[in-house]
Amino acid sequence: MTTLFLDRDGVLNERIIDGYVTKPGDFKIIDGVLDAMAIFARRFDKIFIVTNQQGIGKGLMTAEDLEQIHRFFLNEVNQAGGRVDKIYFCPALKSANSFMRKPSIGMALQARREFEGVSLRHSIMVGDTATDMLFGRRAGMCTVLVGEEKEVASSHPHLVDYYYKDLYTFAKNIEPAIKTICQK
Ligand SMILES: [Mg+2]
């Protein structure tokens, strides 16, 4: 069974530098993401979002606010022919050193526990930071870097299997990564 893990901010929606998405109006979907999600729905058995959201731990938003944002996004994805099987989020502060917070792999293990057949070796992690790449690598996944921090691929070559400029470009060029996880 093939599984896709997606980071959220900077991959699906535009990152707010030094700030947080606290309401659906702040959630700006990156161009091509909905088309990419429709492609992924045909290629992966399971699709998860794994996102650190310490804005909750800081009291800047509630879990209910986050749920509203995610309901908005999932509705857009579904309407475009895509699918997300579950969104995992970690509300803990960075300073709490939670095992559920990336780059620790608690969210990946939880998904494997909750969905029969999920194999982390046969999974791809897509993210826009070194933290995401470390999370994917530690969990034994194929790692795909997207977005503006291209230098992560050259500064941490052992963490990054593939780089594409955005999620849609990855979706259109998905064969090498699929081949990597299917050959394992
Ligand atoms: Mg991110």
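Two strands pair if DSSP finds at least two bridges between them. The legends below apply this to a predicted model.

**View 1. Strand E4 pairs with E1 in the parallel sense.** The two strands share four bridges. Leu 6 stands opposite Val 126 of E4. E4 spans residues 123–127 and is mostly covered. Five of its five residues are buried. Ser 123, Met 125 and Gly 127 point one way from the strand. Ile 124 and Val 126 point the other way.

**View 2. Strand E4 also pairs with E5.** E5 covers residues 142–146. The E4 and E5 pairing is parallel, over four bridges. Val 126 has Val 144 as its bridge partner in E5.

**View 3. Phe 5 and Phe 48 form a tilted aromatic pair.** A search of the whole structure finds eight aromatic pairs. In the Phe 5 and Phe 48 pair, the rings are 5.3 Å apart, centre to centre. Their planes make an angle of 45 degrees. Phe 5 lies in strand E1 (residues 3–6) and Phe 48 in strand E2 (residues 46–52), so the pair ties together parts that are 43 residues apart in sequence. Both Phe 5 and Phe 48 are buried. Ring pairs also bring in Tyr 88 and Phe 115, giving a cluster with Phe 5 and Phe 48.

**View 4. Tyr 164 and Phe 170 form a tilted aromatic pair.** The centre-to-centre distance is 5.6 Å. The angle between the planes is 35 degrees. Why does Tyr 164 count as buried? Its relative accessibility is 13%, and the cut-off for buried is under 20%. Phe 170 counts as buried at 0% relative accessibility.

**View 5. Helix H1 packs its buried residues against strands and helices.** H1 runs over residues 33–43. Its buried residues are Val 33, Ala 36, Met 37, Ala 38, Ile 39, Phe 40 and Ala 41. They pack against E1 and E2. They also pack against helix H3 (63–79) and helix H7 (167–172). An α-helix has 3.6 residues a turn, so residues three or four places apart point the same way.

View 6. Cys 142 is in none. The nearest cysteine sulfur to Cys 142 belongs to Cys 182, 10 Å away. Cys 142 is buried, with a relative accessible area of 1%. Cys 90 is buried as well, at 2%.

Conventions:
Residues numbered from 1 in each chain as written. Predicted model: local features only at pLDDT ≥ 70, side-chain atom pairs only at ≥ 80, totals over all residues. Heavy atoms only, no water. Buried < 20%, exposed > 50% of the residue type's maximum accessible area, 1.4 Å probe, protein only. Disulfide = S-S within 2.5 Å. Phe/Tyr/Trp six-rings, centres within 6.5 Å; stacked < 30°, edge-to-face > 60°. Contact = heavy atoms within 4.5 Å.
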